[in-house]
Amino acid sequence: MTTLNHLDARSACISQYDPQALPVSAAQAIVLQWVTPLTASERVPLREALARVLAADMISPIDVPAHDNAAMDGYAFDGAALAAFASGSTALTLKVGGKAFAGHAFEGEVAQGQCVRIMTGAPMPAGCDTVVPQESVQVQDGAITFGPAALECGANRRRRGEDLARGGVALAAGRVLRASDIGLLASLGCVEADVRQRLRVAYFSTGDELRSPGEALEPGCIYDSNRYALGAMLQRLNVEAIDLGVVRDDPAALAATLKLAAETADVVLTSGGVSVGEADFTRTQLQALGDVSFWSLAMRPGRPLAFGRIWSGGRPGAGRAALLFGLPGNPVATMVSFYQIVRPALMAMAGAQPQPVPLVPALSEASIRKRAGRTEFQRGLAYRDSQGQWRVAPTGSQSSGALSTMSEANCFIVLAHEATDLDAGDVVDIMLFDGLV
Ligand code: AMP
Ligand code: MG
């Protein structure tokens with residue numbers, strides 16, 4: 001066990017705090033305790049606001065729609081005329097007194113016994129509250145005739161403010177803006193949006209064996225995939241990602257890069273060097289520079305994880321502080337740790353409302369070995385069968401180094417902390433990788 005630092009001391013009050021076998025949920029809770037959301041905001045053009053975090057509640061300055069309008073092409077009239085059906089009439093005839101188009105209202109009076117030809121979206125003429133669809137009427141000599149078939153007073157009319165009422169909260173602060181939100185802001189007449197400044201996240205890989213794509217691969221070396229996967233995952237979260245390259249297993253180089261990272265970023269991500277191994281200088285450097293705990297998570301893949309703060313001045317309290325996540329080096333462990341531990345923290349720091357990823361129940365097509373006491377994230381390929389039932393099978397090697405089975409997968413099979421061996425046909429939770437928006 002590491003010496004009791006500030007972080008360990010504060011984490012100790014979390015039930016289940018055991019740095020040597022820390023449940024995923026406890027790790028997530030500790031990490032969120034240390035998160036301080038960014039407060040700085042900026043105003044950006046609406047077209048650049050996608051995936052940014054809304055800085056303040058957006059209050060609707062207008063009613064949307066601005067007036068009652070037709071939901072269908074047809075004829076608008078005063079629904080009181082429908083009373084004729086209640087007293088036994090089998091047909092109602094109304095004289096067409098004018099036309100209303102979207103953008104061109106009918107301004108005249110609609111006398112009793114009259115209607116107005118109206119197109120979808122056109123404002124309802126004064127005195128009219130009901131639209132009979134054009135396909136339900138017969139037109140003859142400038143008049144329409146229709147029967148009682150299921151037309152109620154107020155039918156086919158959209159009410160003023162029905163979508164958004166003036167003065168109401170159209171979008172709440174912390175919203176991560178999606179395509180529909182951009183459209184909604186435009187419908188309120190906004191040309192710009194106030195969004196939180198982007199979180200700055202610096203990241204680098206550690207290891208003497210790493211070569212960057214494009215370099216020659218000498219014997220015993222491997223290509224650095226983590227930096228590219230991390231860069232891509234950060235890009236998806238729309239943070240400002242700062243690539244600090246590969247750092248050799250050299251204490252001075254590591255110290256210099258960590259200080260630079262703390263100077264320039266809000267969060268620092270490293271990969272490699274956090275497990276207990278001879279050449280793992282990252283541990284000692286992190287210990288020297290900051291307030292960092294070394295955890296052994298009850299999670300697979302992704303057991304070793306360093307978490308804490310580092311300071312640009314090279315010792316706790318000196319200079320600028322940044323939150324640090326020291327991720328394990330094995331590529332799939334890096335990705336799982338990022339999704340399960342880092343992602344929620346980055347979202348919270350960016351000021352976003354929590355966005356838990358939905359779990360979907362699925363039938364496992366294979367038996368799965370599972371030991372109680374750790375959460376497992378297996379790589380799975382899920383599909384919906386012809387009966388509408390989700391089914392899932394592991395994609396093959398679950399080695400924490402096998403990126404190919406991660407790439408083949410379209411979901412994680414989430415095996416809960418307490419779960420034990422599963423038979424084929426048992427229900428498991430899956431976490432799908434892709435969504436619609
Ligand atoms: P470490 O945690 O540094 O002991 O690394 C664990 C395993 O992950 C080793 O086999 C490393 O070679 C591998 N590894 C570490 N960093 C990377 C990286 N950036 N890209 C691909 N593999 C890595
Ligand atoms: Mg290493």
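What covers the buried residues of helix 7?

Reply: A note before we start: this is a predicted model. Begin with the helix itself. Helix 7 spans residues 281-289. Its buried residues are Thr282, Gln285, Leu286 and Leu289. Seen down the axis of helix 7, they fall within an arc of 100°, so they line one face of the helix. An α-helix has 3.6 residues a turn, so residues three or four places apart point the same way.

Now the cover. It includes helix 6 (251-264). It also includes strand 14 (200-206), strand 18 (267-271), strand 19 (290-300), strand 20 (304-311) and strand 21 (321-327).

Take strand 19 next. Ser296 is found in this strand. Ser296 is buried, with a relative accessible area of 12%, because buried means under 20%. Leaving aside neighbours within four places in sequence, Ser296 is in contact with Pro19, Gln20, Ala21, Leu22 and Arg303.

Then look at the nonpolar cores. The largest has 50 residues. Those with the most contacts inside it are Val267, Leu269, Trp295, Phe325, Phe338 and Leu346. Helix 8 (residues 331-349) gives the most to this core, with ten residues. Domain 1 (6-40 + 199-349) and domain 4 (360-432) both give residues to this core, so it lies between them.

Leu269 deserves a look of its own. Leaving aside its neighbours within four places in sequence, Leu269 is in contact with Val201, Ala202, Tyr203, Phe204, Leu230, Leu234, Phe325, Phe338 and Val342.

Notes: Residues numbered from 1 in each chain as written. Chains lettered and ligands numbered in written order. Predicted model: local features only at pLDDT ≥ 70, side-chain atom pairs only at ≥ 80, totals over all residues. Heavy atoms only, no water. Buried < 20%, exposed > 50% of the residue type's maximum accessible area, 1.4 Å probe, protein only. Helix = DSSP H or I, 4+ residues; strand = E, 2+ residues; numbered from the N terminus. Arc of directions from axis to C-beta. Contact = heavy atoms within 4.5 Å. Core = buried A, V, L, I, M, F, W, Y, C linked by side-chain atoms within 4.5 Å. Domains from an automatic or database assignment.
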